[in-house]
Amino acid sequence: DVKVTQSSRYLVKRTGEKVFLECVQDMDHENMFWYRQDPGLGLRLIYFSYDVKMKEKGDIPEGYSVSREKKERFSLILESASTNQTSMYLCASSPDFMNTEAFFGQGTRLTVV
Amino acid sequence: GESVGLHLPTLSVQEGDNSIINCAYSNSASDYFIWYKQESGKGPQFIIDIRSNMDKRQGQRVTVLLNKTVKHLSLQIAATQPGDSAVYFCAENTAAGNKLTFGGGTRVLVKP
C-alpha cells in the first residue's frame, strides 16, 4: 500500500520557535510536496522537490524552508513560527512522470500560540 | 477552482440523490485534472482523473466532465451515500512539472 507518513498529527508551538515537520514516503517517489490548508483557500503549495537536495518554491514560500537529504524524507521548517502559520500542513509525493496523482499524508495540524 | 474566501461552499444532498460538484480552473494550459476527497481528519484521497484530450470519464458511481472552452470541471456522484460526506477538491496540473494546483474545495453533506 502506498504510504506517506507525517511525524505528528497535532503540534502546539510558541511564537518564535523553530519548527520541523517531517514527512516520509515509502513509494520511492521522486517528487515531494508541502501544502498548507486553510478553510476556503484549498491547498496552497509551499515548497516542492523533484530530487534529493533539490527544492523549488511554491506559491507561498515566505517564512518556510525545506530540506531533502534523502529521497524518502522531506522536511518543512518554520524558522521562526508566527501565529499566521497556524494551519493544517499536508505532505504529498508523486512519481516522476507527468500527469499522475499525488499521494497525501494524513496532515499535521499546527497551532502557534 | 476559485478561492471563495474563508467560507467553504457547501452542497447539501439527500441520501440516494445525485450530487454535482463544480470547479472553475484557472490555467488554460493545464492538461490534467484530478478530483480528491478529504474526509474529516484525513489527507486528500484520489477519486478520479481526466486528461485534457477527454471530456468525460466515468468511474464507480462517479463521473468527471471537462469543458475546456469555459475552463470548467465537474464531479457527479450517483446515488450519494452517507460515506460520501466530505470536502471535495479539484486540482489541475499546471504542466510546469508534476505540480498540482488546488481549488478551494466544496463540502458535501449527505442527509439521511
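A search of the whole structure identifies 9 salt bridges over all chains, a salt bridge being a side-chain nitrogen of Lys or Arg within 4 Å of a carboxyl oxygen of Asp or Glu. The structure is a predicted model, in which local features need pLDDT of at least 70 and side-chain atom pairs count only at pLDDT 80 or more, while totals for chains, interfaces and linings use all residues. Residues are numbered from 1 along each chain as its sequence is written, chains are lettered from A in the order in which they are written, and side-chain values use heavy atoms, with hydrogens and water left out.

In chain A, Asp38(A) and Arg44(A) are joined through their side chains at 2.8 Å, N to O. Asp38(A) is buried at 12% relative accessibility, whereas Arg44(A) is partly exposed at 27%; buried denotes under 20% relative accessible area, exposed over 50%, and partly exposed in between (1.4 Å probe, protein chains only). A network of salt bridges links Asp28(A), Glu30(A) and Lys71(A).

Chain B contains 0 helices and 10 strands, where helices (H or I, at least four residues) and strands (E, at least two) are DSSP runs numbered from the N terminus. In this chain, Asp84(B) and Arg61(B) form a salt bridge with their closest N and O atoms 2.9 Å apart. Asp84(B) lies in the loop between β7 (72-77) and β8 (86-93) and Arg61(B) in the loop between β5 (56-58) and β6 (62-67), so the pair ties together parts that are 23 residues apart in sequence. Asp84(B) is buried at 6% relative accessibility, and Arg61(B) is partly exposed at 30%.
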